[in-house]
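Got the viewer open and the chain loaded? Here is a walk through it, one selection at a time.

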Amino acid sequence: MAGVWCAAAAVLLAGCGVQPSGVTGGDEAPTGVAPGVTLYFVDAGGELRPQLRPTGRLGTVSDAVQLLLTGLGDSDLRTEIAPTTTPRVVVTSTPDVLRIEVPLTIDDVTPLGIDQIVCTALGVHVQGGGSRDTRAQVRFTLPTPESEKHRRCPVTG
């Protein structure tokens, strides 16, 4: 009987042959839990600034861009996007690109306004667990070469 206990103790002490390993790296964990959504607006110096809009949830990329198009809310920032009464936004995605169809023409938005859309969309995408390598393509209602560009947010790299 003592031999059985010794054998059992030897197995326990040896850990069944499993050796400890070091810490292994991986992708960053998704951070989809949020008190709201971060929208990007422009400060007095012409720089993009994040603004948390307390919605009680993160929502979708489409929700965030629609909220961006509705305006500033209570803020001392400004927008470079013309007001629209129809803020309907359609977002489709591939592994590398978010295609964001906005109810605007290129004349309704400045280059900084395009960056507002891109940063807002990619911010929600990443916070919801999407890849940081994804780019955004802002598609306007009328054809323009600007609709073909794949963009990154200049604030986050």
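## Stop one: a hairpin

Start by selecting residues 90–93 and 97–101: these are strands β3 and β4, which pair in the antiparallel sense over four bridges. Keep in mind as you go that this is a predicted model. Between the two strands, three residues make the hairpin that joins β3 to β4. Click V90 and look across to β4, where the bridge partner is E101. Then click S93, whose bridge partner in β4 is L98.

## Stop three: the helices

Now bring in α3, residues 111–127.

Next, select α2, residues 61–69. The axes of α2 and α3 come within 9 Å and cross at roughly 145°. The crossing of α2 past α3 is right-handed. To see what meets what, show side chains for V61, A64, V65 and L68 in α2, then for Q116, I117, T120, A121, V124 and H125 in α3. Sorted by class, this contact between α2 and α3 has seven nonpolar residues, three polar ones and no charged ones.

## Stop four: salt bridges

How many salt bridges does the structure hold? There are six, and these selections will take you to them.

- Select R49 and D43: their side chains meet in a salt bridge at 2.8 Å, N to O. Is D43 buried or exposed? D43 is buried, because its relative accessible area is 14%, and the cut-off for buried is under 20%. R49 has 38% relative accessibility, so it counts as partly exposed.
- Select R57 and D63: here the side chains form a salt bridge at 3.5 Å, N to O. D63 is partly exposed, at 30% relative accessible area.
- Select R139 and E148: another salt bridge, at 3.7 Å, N to O. R139 is partly exposed at 30% relative accessibility, and E148 is partly exposed too, with 48% relative accessible area.
- Select E146, K149 and R151 together: a network of salt bridges links these residues.

## Last stop: the whole chain

The protein chain has three helices and five strands. Trace along the sequence and you will read the pattern α-β-β-α-β-β-α-β. Colour by accessibility if your viewer can do it: 32% of the 157 residues count as buried. Finally, turn to contacts with a sequence separation of 6 or more: residues 24 or more positions apart account for 56% of them in the protein chain.

Conventions:
Residues numbered from 1 in each chain as written. Predicted model: local features only at pLDDT ≥ 70, side-chain atom pairs only at ≥ 80, totals over all residues. Heavy atoms only, no water. Salt bridge = Lys/Arg side-chain N within 4 Å of Asp/Glu carboxyl O. Buried < 20%, exposed > 50% of the residue type's maximum accessible area, 1.4 Å probe, protein only. Pairing = 2+ DSSP bridges. Axes fitted to C-alpha atoms, helices over the stretch in contact; angles between N-to-C directions. Left-handed = near helix turned anticlockwise from the far one by under 90°. Contact = heavy atoms within 4.5 Å. Nonpolar A, V, L, I, M, F, W, Y, C, P; charged D, E, K, R; others polar.
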